[in-house]
Amino acid sequence: MVDLEPPDPRRATGSSAGMADADSENSALRSHMRVSPTKTRSGGILHLPIGESDVALVAALQAGRHDAASVLFDRYGRLVARVLARVMGPDPELPDLIQDVFVAALSSVGRLEDPDALRHWLTSIAVFVARGRIRSRTRWRFLRLMPFDELPDVSTSPVPAEASEALRCTYQVLEELPANERIAFALRFIDQMELTDVAEACDVSLATIKRRLHRAQRKFAQIARRHPVLAEWVEAGDRWAR
Amino acid sequence: MGSLNRLQELGRRIAEEQDGLLRGSGLFEQIRPTVSRMRPLMRRGPRMQAGRTAIALAAAFLCGLAGVWLLQSKRSLQFEIGIRPEAGRVGAWISASRREPLPVHFSDGTELVLMAGSRGRVAQTTPHGARVVLESGQASFAAPHRNGAQWELSTGPFVVTVTGTRFFIGWDPARDVFELRVQQGSVKVTGCVFGDSGRSVLAGEMLRASCDAATFAIAKAGVTREMEDPRHNDATVSTPEPSVATEEVAAEVGRKANTQPARATGQNWVDLAGAGQYVAALQAAEAAGYDRQCATLNGPDLARLGDVARFAGRLDLARKAYFAIRSRFPGTERAAIAAFTLGRMDQDQEGAHAVAARWYRTCLTERPGGALAREAMGRLMEALHRAGDRDGAQRVAAQYVKRHPRGPHAALAEQLLRVGRTGPGDR
């Protein structure tokens, strides 16, 4: 297998710019040359950056390039973090969940037939990981010790102080919804995804996602009225109250 | 349709806030090194019938991504050593030079760094982790949390079992000193003074132990707990000697201290508040970073900070502190009191009786038997009455006279009930 170093920003090589296109890159990948990471006797190191298209990136991932994971993270790390944050809310396990998504992606990228679907595919992995964590927490909820009165005030989550009461209450309400309805609601109303994209991310039909959203909306509005901040929002609708 | 638009607008605002928090969190910089060390495990063969046949044969694993984990679980972890990574061999000794640390990267993203002059080996790898032996010296360890992960670090007679943590470990065989500082997650230490049942060490705790002396001590930021080895009745425990690790943690704690002196007066905000100088106390708190205080103070001090801001007339800062209590300590008595106080601010300072009523209800819902339950019920009744909800006020009044017949709002409750029985014309 080819083992080529990514461009070293300290060493500008004219050849790297000229060889940036996917065809040249794939050709080099198939040549099965091994280039030592150290300087060659001729003094140059061949750097082939991964092309900007998803086709090139998927090819690099499937070829096992050492730099492909970091490129995947640079391009899609924020997407993955955003999807997870929408579904989970302010969550101390967010870094672990992001890593879990990339572990899953890197382990299964060999099966990705359509490189153009890379973005949607990563989104669906993120949804899958989030769903698994939500369900796992629901199963262990009964282990919470009661009562709280005797326990010292221990900060239970690193929710930033600047996070508003509305943000916190929104996810408190979402925690009371079943996992599938919570996910559908978060992707549609918070991430503002199109219905078809929500259905694809959740791997269900459009009809199913519409039913889930309808139930989620109704329950959310019902529960939100119990929270002073959200009640104002749900009832008045035109004032952002803290 | 109106409610749909409202939900969408709420969602948009939530998303904006989340994106801001993500941008300021440093999350990507934190995670990138770990992900960068991961390697694609699946190598794509020729895109031909053979590959498609393999996929067909493995169809049972393709329900969602469940098959991905099964396939990964059958392969032991690989690891690489050094900055210009070389493949590692199980059982081979690994030594860091006297001048530089030596990193060891595992294929699941776990990183072990042998400090300068330290020596160890990877004794065994499995699909779920590895067993590492630290022969001498110090090492840092960072493993992303994975369900089912099994890592074991042994050093001298001590064994540290982890599932997903970050910690610093040291072993000096000549002095018989074992040190462990957990930065994230938790670990369990067995062996020697801890026996087979072991002892958990949590994030923020430091452990120091000596096998020959049969002693161990655990230090937490600001607190030192002295422990006895239950197996030796006459064992004594020394407080941890100042070590580099202890001083580093102490310095870190000092930087996060919640009572830093005010630049203007040289006194911290707690002292100024104790002297009744609320404006000066608030200035001191702001000088030390009000948002940071809200994020790091313990519950009692955070409540005190909110009160200082309220007494100093800064309701916006007071709300920030009370909201921080509710975010960081949900479900506690203190969170319920914060809800009550927010209600009081809305009612007394803002005249927002309907909003105040909701806060009082929140307080009563979260703590129906709490310290302020009687006051919350009385004020709820008053707030509903002043907001024009006569029926609601009367319902609460009926409950109030039953539970608190001699309470401070009993007279109001009786009056509201009389109006309910006889009509508004008789008021």
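Colleague: What percentage of the 427 residues in chain B is made up of buried residues?

Modeller: This is a predicted model, and a residue is called buried when its relative accessible area is under 20%. Among the 427 residues in chain B, the share that counts as buried is 45%.

Colleague: Of the contacts in chain A with a separation of 6 or more, what percentage is accounted for by residues 24 or more positions apart?

Modeller: In chain A, 52% of the 242 residues count as buried. For the contacts in chain A with a separation of 6 or more, the share that comes from residues 24 or more positions apart is 67%.

Colleague: Is helix 7 of chain A parallel, antiparallel, perpendicular or oblique to helix 10 of chain A?

Modeller: Two packed helices are described by the angle between their axes and the distance between the axes. The axes of helix 7 (residues 165-174) of chain A and helix 10 (residues 206-224) of chain A come within 9 Å and cross at roughly 125°. That angle makes helix 7 of chain A, relative to helix 10 of chain A, oblique.

Colleague: Which residues make the contact of helix 7 of chain A with helix 10 of chain A?

Modeller: Helix 7 of chain A passes helix 10 of chain A in a right-handed crossing. By class, the contact has five nonpolar, one polar and no charged residues. Helix 7 of chain A contributes A:Thr170, A:Val173 and A:Leu174, while helix 10 of chain A contributes A:Phe220, A:Ile223 and A:Ala224.

Colleague: Which residues of helix 8 of chain A meet helix 7 of chain A?

Modeller: Helix 7 of chain A also packs with helix 8 (residues 179-190) of chain A, at an angle of about 145° and with the axes 10 Å apart. The residues of this contact divide into four nonpolar, one polar and one charged. From helix 7 of chain A come A:Thr170, A:Tyr171 and A:Leu174, and in helix 8 of chain A they meet A:Arg182, A:Phe185 and A:Ile190.

Colleague: Near what value is phi of A:Gln192, and near what value is phi of A:Asp203?

Modeller: Most residues other than glycine have a negative phi, and most peptide bonds are trans. Phi is positive in A:Gln192, near 60°, and positive in A:Asp203, near 60°.

Colleague: Are helix 10 of chain B and helix 11 of chain B roughly parallel or antiparallel to each other?

Modeller: Helix 10 (residues 315-328) of chain B and helix 11 (residues 333-349) of chain B have their axes 8 Å apart and pack at an angle of about 155°. An angle over 145 degrees counts as roughly antiparallel. Helix 10 of chain B and helix 11 of chain B are therefore roughly antiparallel.

Colleague: Are the rings of A:Phe73 and B:Phe28 stacked, edge-to-face or tilted?

Modeller: The pair crosses between chains, from helix 4 (residues 68-88) of chain A to helix 2 (residues 27-36) of chain B, and both A:Phe73 and B:Phe28 are buried. The ring centres are 6.4 Å apart and the planes stand at 55°, so the pair is tilted.

Colleague: How many residues apart in sequence are the parts that B:Phe106 and B:Trp151 tie together?

Modeller: B:Phe106 and B:Trp151 form an edge-to-face pair, with 4.8 Å centre to centre and 85° between the planes, and both B:Phe106 and B:Trp151 are buried. B:Phe106 lies in strand 4 (residues 102-106) of chain B and B:Trp151 in strand 8 (residues 151-155) of chain B, so the pair ties together parts whose distance in sequence is 45 residues.

Definitions and conventions:
Residues numbered from 1 in each chain as written. Chains lettered and ligands numbered in written order. Predicted model: local features only at pLDDT ≥ 70, side-chain atom pairs only at ≥ 80, totals over all residues. Heavy atoms only, no water. Axes fitted to C-alpha atoms, helices over the stretch in contact; angles between N-to-C directions. Helix = DSSP H or I, 4+ residues; strand = E, 2+ residues; numbered from the N terminus. Parallel < 35°, antiparallel > 145°, perpendicular 65-115°, else oblique. Left-handed = near helix turned anticlockwise from the far one by under 90°. Contact = heavy atoms within 4.5 Å. Nonpolar A, V, L, I, M, F, W, Y, C, P; charged D, E, K, R; others polar. Phe/Tyr/Trp six-rings, centres within 6.5 Å; stacked < 30°, edge-to-face > 60°. Buried < 20%, exposed > 50% of the residue type's maximum accessible area, 1.4 Å probe, protein only.
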